[in-house]
Amino acid sequence: MGQHFLTDLSVAQKIAETTYKGQSDQVPSTKEKVRVLEIGPGMGVLTQYLLKNPQIQLTAIEIDRESVAYLHEWYPELDLVEGDFLKTDLNQLIPEGEFNIIGNYPYNISSQIFFKVLEYKDRIPVCSGMIQKEVAERIASKPGKKAYGILSVLLQAYYDIEYLFTVDEHVFNPPPKVKSAVIRMTRNKRRRLDCDEELFKTVVKTAFNQRRKQMRNSLRSLIDVQSDNVQCTKERLEWFLTRRPEQLSVEEFVELTKLIQNERNQDIL
């Protein structure tokens, strides 16, 4: 399936530790375990360290049949599910409680994986693992940076992002053409946004569709930017419309969403 297998076991062990190490509120007591879901265990390079940790209750989901057969043979104690993570109802897979997510994520679907994590954000306190370096930089990027975009805003709205370390190509077989990086996302204290959350996602995605332009251009489909009402009585909204999306923080996108929501409500009235 075009996979690149991690061969440096010291790197694998460091990645396995990210599911709770360094997060004081995630280190379990001696009586309770951290529930962890590993995505795409492959040949078990992370799995072996997760299984050895008595503080972890591990479930893994793998789509590749050869990998499933290998895991059944070498790790018979593993709670293994054969299936596609992106098509799996996680509420059925793990019916109760919180669970962390970890993995050496397939680079071609890593963004889709993180968008799915957002759907279960109230049940996933920590999501960590290895992805392509450019995607990691994008997720961790701050406003004003070139890498700052849709993933940055949507994930940072609900998670604190840590770019932990870079992984070079030579620790894989075969070596990929890109560098990798390990990140950890820890659920922040923001349970809900102070705005319509679906509209928030729409505003962010629409704004970044034309990231090089002022948002007056990109948000035309969401609000009548030529309206006299907007120009004369909504000075704050006018300020937003003269900015480019990468200049706005999460909090400012929330404020912009509320302003657009108010304008839409006035139009209805």
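Visitor: Which backbone oxygen does the side chain of N100 reach?

Guide: A note first: this is a predicted model, where local features need pLDDT of at least 70, side-chain atom pairs count only at pLDDT 80 or more, and totals for chains, interfaces and linings use all residues. Residues are numbered from 1 along each chain as its sequence is written, and side-chain values use heavy atoms, leaving out hydrogens and water. Now to your question: the side chain of N100 reaches the backbone oxygen of T19 at 2.9 Å.

Visitor: Is N100 buried or exposed?

Guide: Buried means under 20% relative accessible area, exposed over 50%, and partly exposed in between (1.4 Å probe, protein chains only). N100 has a relative accessible area of 1%, so N100 is buried.

Visitor: How many residues does the largest nonpolar core have?

Guide: In soluble globular proteins, nonpolar side chains tend to be buried together. A nonpolar core is a set of buried Ala, Val, Leu, Ile, Met, Phe, Trp, Tyr and Cys residues joined through side-chain atoms within 4.5 Å. Here the largest has 55 residues, and F114 and F253 are among those with the most contacts inside it. A second, separate core of 27 residues includes Y20 and V167.

Visitor: What do the side chains of E82 and R65 meet in?

Guide: Side chains of opposite charge can pair when their charged atoms come close. E82 and R65 meet in a salt bridge (3.8 Å, N to O), meaning a side-chain nitrogen of Lys or Arg within 4 Å of a carboxyl oxygen of Asp or Glu. R65 is exposed at 67%, while E82 is partly exposed at 48%.

Conventions. Polar contact = N/O pair within 3.5 Å; in protein donor to acceptor, adjacent residues only side chain to side chain.
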